[in-house]
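Welcome! Please take a look at the sequence and structure below, and then we can walk through a few parts together.

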Amino acid sequence: MLDNPNPIVTEIVEMTYKRPTGMLDSNDIFNVIRNIRDPEHPYTLEQLKVVSCSQILIDTDTKALIIRFTPTVPHCSLTSLIGLMIRVKLMRYLPSCIKIHILIQEGTHYQEKEINKQLNDKERVAAAMENIHLMEVVEYNIGEWMQ
Amino acid sequence: MEFSGTVKITDLNDFLRPSEKCSVHNSMIKTSSKNTAKVSLSDCLACSGCITSAESVLLETHSLATLQEKLLQNEIITISISQQSLLSISDRFSMSFDDTFNKLSQILKKKGVNQVIDMCHARDIVLECCYQEFMIKYQSGNVPILSSECPGWLCYALKKGDSKLVNLMSTQKTPMLVQKNIRNIIGYHVVVMPCYDKKLESFMEQGVELVLTTTELMEICQGFELEECNEVQNNFYSTTKIKTSSMGYAEYIFTRAVKDIYGEDIEIEPKSTRRRDVYEIEFRDLKFCIASGFQNIQNIIRDLKTKKSNYSYIEIMACPMGCLNGGGQLRTTREKIIELESSTRNYYKTSTLNTELPSIERELKLVQGNNLKW
Amino acid sequence: MEKLQTLSGHDGRVWHIDWSPSGDLLASCGSDKKIYIWKLEHNGWQVVDRLDGSHTKSIRKVKWSRSGVLLASASFDGTVVIWKRTPGSMEACLTLEGHENEVKGLSWSIDDKYLATCSRDKTIWIWETDIDFEYDTHAVLSKHTQDIKEISFHSTQYLLLSASYDNTIAIWSLQSDDWICINTLLGHESTVWDIKWLNNNIISVSDDLTLKYWQLEDDNKHHLKKTISGIHSRSIYSVDCSENIIVTSAGDDKIVIYQNDTFNILHIEENAHNNDINAVRLCNENFMASASDDGKICIWKLSLSLYH
C-alpha cells in the first residue's frame with residue numbers, strides 16, 4: 001500500500017559540466033544527492049523531482065547549505081526518511097564544518113513544520129543514525145552500488 | 001482520553017511510520033479512506049509504535065456517540081457496571097452502593113437501555129478460577145504468579161517482550177470478558193470501567209461491544225440528577241464480595257490459600273513496605289504483594305530479574321492506588337480512596353463469605369482461555 | 001578569555017562535559033561510547049581514565065553527583081550507568097533501565113537522594129537511592145508532549161526543571177511523596193535545549209536562538225523577564241551560570257559570556273571550536289570547559305577583566 005502509487009517520473013538529461021576548482025557549488029551538491037533512491041519506488045529523487053539543482057542554496061559566508069526537497073505527495077509518510085537520507089549522504093561527502101539545513105519545499109507537505117523541526121534537530125538525527133534497522137533502509141537507498 | 005502511564009501513545013521510531021520493528025506491518029496494513037497506511041489496533045496491541053494509529057481508531061468506535069447511535073437504533077442493550085465505577089459514583093454523591101446502582105439503573109432505562117447489571121458474580125467466578133490456578137502453580141513450585149487483570153500492566157508486560165515475565169502471568173480471563181456468558185447477555189453489551197485502558201482490552205476478545213468509563217457514564221446521565229429518582233427497586237445483585245480498590249485478587253487468593261494450606265481463617269491486613277503503594281500480606285511461609293503505580297511495576301520487574309522477590313503472588317495495577325483511582329474515574333484524592341477502601345473492607349467483613357458457587361464447574365470451561373494471545 | 005588547552009582523545013563528537021564538585025576532575029562523553037576522565041597534571045590536563053564497555057550507543061550526558069563520589073552517564077541506548085569513584089579509577093556499579101529510548105538528561109538532587117533522568121520517550125524518571133545503594137523507581141513523570149532534552153535540580157530544594165522539544169519548560173516540586181508539575185513556562189518558539197537555576201530564577205536557551213530569563217515573582221510563579229536574541233545565529237545548545245556570569249554555546253561555533261544581572265555581553269569568542277559547541281561548563285569563576293562536534297574539549301581561563 002504505497003502513499004503515492006503513481007509517481008511522476010521525469011527523464012534525465014545527462015549533464016556534462018566542469019566544476020571550477022575550489023569552492024563547492026550547487027551542482028556538486030546536486031551530484032551527491034541526485035541518485036538517492038526513493039524508499040517506495042524504484043526511481044531516484046532526481047527522477048521523481050524530489051530534489052533539483054535549483055533547490056540547493058550555498059551560503060559561503062555562514063558556511064551554510066540549505067537544501068529544499070519536494071515530497072511526491074503532500075501526505076507522504078516517508079518524507080522524514082527521505083530527508084534523513086539526504087542528510088546522511090551529504091554528511092559523508094562534505095567537510096563537517098558545513099552546516100546542513102534540510103527543509104521541505106514550502107507548501108508541499110501537510111506536516112512541513114514538524115518534519116523540518118525533526119530533520120534539523122541534531123540530536124534526533126544522531127540517535128536515528130544509531131538505529132540499525134533505520135540505517136539499513138537508509139544505506140540501501142543512498143548506496144552507489146546500483147548505478 | 002487518559003490512558004494509564006503504561007500504555008504509551010508514542011512512535012517507536014520517529015522516522016518511519018508505523019514502527020519499522022513491527023513484524024505484522026508488512027502483511028497487515030489496511031488502508032483507510034485517506035489512502036494512508038494504518039495498522040489497526042487488533043493487529044498488534046503490544047507494539048508501542050502501532051498504538052499511534054490506535055488512538056484514532058478508538059476515538060471513532062469507543063465513544064458515547066456510538067452508544068447514542070445504538071440507543072436510537074432500538075437494539076437490545078445491556079450495560080454492566082463495575083464495582084469500582086459504582087464506588088466512584090456513590091462516593092461522589094454520598095449515596096449508598098445500592099442506591100447508586102438503583103438510580104443509575106433507572107436513568108439508563110429511561111434512556112432506552114434494556115438491562116443494567118452489576119459484575120459481582122463474574123468477578124466471584126474469576127477470582128475462584130484464579131485461586132485454583134494459583135494452587136496448581138504454587139504446589140508445583142511455579143511461583144511467583146502475577147495477576148493479569150489490569151490491561152495497562154498486561155499491555156506493558158507484553159510490550160516489554162520478556163517471555164520469562166509473561167510466563168509468570170495468570171491466564172484467566174477478566175470479569176469484563178466473561179460477564180456476557182455468565183449473565184447470559186444477549187444483544188449489545190456495554191461495560192462501564194474505571195479506566196480507558198480497558199477499551200484496548202475489549203478489542204482483543206469477544207464479549208464486550210463497548211467500554212465506557214465512569215466519567216463517560218456520568219455524561220450520559222447528565223440532565224438527570226441522581227438524587228431525583230426516588231423509586232425503590234429490588235436489590236438484584238449479591239454484595240458478598242465487594243472488594244477494595246485493588247481488584248481483590250491477592251486478598252481472595254490469600255484467604256483461600258491460607259485456609260486450604262494451613263486450615264486457618266484469617267483477616268487480612270495489608271502491611272505497607274518502604275515503597276509507597278506497595279503492600280504485603282503474610283502468613284507463615286505464604287507471602288503476597290499488592291503493588292500499584294508504574295514506578296512500582298518497574299521496581300517489581302527489577303526485583304524479579306535480580307531474584308530479590310520472595311512473593312508467591314503479586315497483584316499489579318498500573319494506576320497508583322489501584323482501580324478506584326483509574327483514569328476514567330470521577331476525580332478524587334488519595335485520602336478519599338483510603339477512606340473508601342476501609343469502608344468497603346468493613347462492609348465486606350460483615351457479609352457472609354459465600355464460596356459455594358454451584359455452577360463453578362461448568363462456568364470454568366467458559367472462562368478458561370488464554371487471554372495472552374494479544 | 002584565554003584558551004589554555006585543547007584536549008583530544010574522543011573519537012567523534014564530544015556531547016558533554018562535567019566538572020567534579022571539587023573541580024579536580026573533568027568527565028567527558030561522546031559518540032564513541034566512552035567516558036574520559038581528565039585531571040590536571042603538571043604538564044596539563046591528561047586522561048586518567050577511559051570508561052568503556054557499559055553503553056552500546058553514544059553517551060549523551062555525564063553528571064557527577066553532588067558528593068563527587070558517583071558519576072552517572074546517560075546514553076542513546078536507553079540506559080543510565082552509575083559509576084563509583086575508587087582509588088585510581090571509576091567502576092561501573094549499576095545500570096538503570098526503564099526508558100524506552102534515548103536518555104538525554106540527568107540531574108542529581110541536593111543530597112544525591114534522587115537522580116532524575118529524561119528521555120525522548122517524553123518521560124522523566126525519578127530514581128531514589130538509599131544507604132544500601134539500591135536504586136528504586138520513585139516516580140515516572142509524563143507531561144511533556146515531546147522529547148525532553150534536559151533536566152536540572154535546584155541546588156537546595158526538591159525542585160526540578162525540564163526542557164523539551166515541545167518548546168516548553170516544566171517545573172516540578174516534591175510534595176508529600178508526589179512529584180507535581182507546579183508550572184509550565186511558555187514562550188520559546190522552538191526546542192528548549194538547556195535550562196539552569198540561577199538562585200531561584202531560571203535561564204533557558206533554545207533552538208529559537210534566544211536566551212530567556214524567568215524571574216520568580218510574588219505570586220510564587222516564574223515570569224519571563226528578559227529575552228536575549230541576535231547573539232547566536234544557530235541553535236543555542238548549552239547554558240551555565242555562576243555568581244557573576246552566564247555563558248552560552250551554540251551551533252554557530254561561538255561561546256558568549258554575559259553579565260549575570262544585566263545580561264550585558266562581556267565577551268564573544270568566535271570560532272571557539274571548528275564546529276557546533278554542545279556543552280559549556282564553568283568550573284568556578286576562573287575556569288571553563290567546552291565540548292564540540294569537532295571531537296575536542298577546550299579548557300578556558302576567564303580573566304578578571306571580564307568582571308569589570
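## A helix in chain B

Let's start just past helix α5 of chain B, where B:G112 has a positive phi of about 115 degrees. Bear in mind that this is a predicted model.

The helix itself, α5(B), runs over residues 97–110 and contains 14 residues. From its first C-alpha to its last, α5(B) reaches 20 Å, close to the 20 Å expected at 1.5 Å a residue. Which residues of α5(B) are buried? They are B:F97, B:T100, B:F101, B:N102, B:K103, B:L104, B:S105, B:I107 and B:L108. Among the elements covering these buried residues are strand β3 (77–81), helix α4 (83–92) and strand β4 (115–118), which belong to chain B as well.

## Confidence in chain A

Turning to chain A, the mean pLDDT is 84, and 87% of the residues score at least 70.

Residues 52–84 of chain C are 0% helix and 52% strand, and their end C-alpha atoms lie 14 Å apart. Residues 185–224 of chain C are 0% helix and 57% strand, with end C-alpha atoms 8 Å apart.

Notes
Residues are numbered from 1 along each chain as its sequence is written. Chains are lettered from A and ligands numbered from 1 in the order in which they are written. This is a predicted model: local features need pLDDT of at least 70, side-chain atom pairs count only at pLDDT 80 or more; totals for chains, interfaces and linings use all residues. Helices (H or I, at least four residues) and strands (E, at least two) are DSSP runs, numbered from the N terminus. pLDDT is the predictor's confidence in each residue, from 0 to 100. The expected span of a helix is 1.5 Å times one less than its number of residues. A residue is buried if 20 or more other C-beta atoms lie within 10 Å of its own, exposed if 12 or fewer, and partly exposed in between; C-beta atoms are placed from the backbone. Two residues are in contact if their C-beta atoms, placed from the backbone, lie within 7 Å.
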